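Colleague: Let's go through this predicted model together. I'll ask, you reason.

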Amino acid sequence: MSHTEYDKLAEKDDFICLSDGKNKAWFEVLDYIVFEGNEYVALLQDEQTFVLRVLEPSGGKEERYAAVEDDITFQRVCEAFETELNFE
């Protein structure tokens, strides 16, 4: 994807760019849900879906995200997204 295409994606609310400090990757935002007191986001990239926990911003910074490390929680959150998004 060209730099101009990335800039166009950045202008849309349904795309976000995640960076680990070295690499950047663009994801389509499918949905946000609150599950058991935590907020989660479902992201799509190259036909692959990712589920991340939304962390509270610190010091006025942008949202941060973390992997869902507990397998049972991950499975339950995925099921909640499937229900929310009506996936079969």
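Colleague: Which residues of α2 are buried?

Modeller: Buried here means under 20% relative accessible area. In α2, the residues in that class are Val-77, Cys-78 and Phe-81.

Colleague: How wide is the arc in which the buried residues of α2 fall?

Modeller: Look down the axis of α2. The buried residues line one face of the helix, because they fall within an arc of 105 degrees.

Colleague: Which elements do the buried residues of α2 pack against?

Modeller: Contact means heavy atoms within 4.5 Å. By that test, the partners of the buried α2 residues are β2 (24-35), β3 (38-45) and β4 (48-55).

Colleague: How far apart are the end C-alpha atoms of α2?

Modeller: Helix α2 has 15 residues, 71-85. At 1.5 Å a residue, they should span 21 Å. The model agrees, with the end C-alpha atoms apart by 21 Å.

Colleague: Now the largest pocket. Which element gives the most to its lining?

Modeller: The pocket holds about 250 Å³ of space. Two elements give two or more residues to its lining: β1 (15-19) and β5 (64-67). With four residues, the one that gives the most is β1.

Colleague: How many charged residues are in the lining of the largest pocket?

Modeller: The lining includes Lys-24, Glu-62, Glu-63 and Arg-64. By class, there are four nonpolar residues and one polar. The charged count is four.

How values were computed: Residues are numbered from 1 along each chain as its sequence is written. This is a predicted model: local features need pLDDT of at least 70, side-chain atom pairs count only at pLDDT 80 or more; totals for chains, interfaces and linings use all residues. Side-chain values use heavy atoms; hydrogens and water are left out. On a 1 Å grid over the protein atoms alone, a cavity is a set of points where a 1.4 Å probe fits but cannot get out, and a pocket is an open set with protein on both sides within 12 Å along at least five of seven lines; lining residues have an atom within 4 Å of a point. Grid points are joined across faces, edges and corners, and a volume is the space filled by probe spheres set on the points. Ala, Val, Leu, Ile, Met, Phe, Trp, Tyr, Cys and Pro count as nonpolar, Asp, Glu, Lys and Arg as charged, and the others, Gly among them, as polar. The expected span of a helix is 1.5 Å times one less than its number of residues. Buried means under 20% relative accessible area, exposed over 50%, partly exposed in between (1.4 Å probe, protein chains only). The arc is that of the directions from the helix axis to the C-beta atoms.
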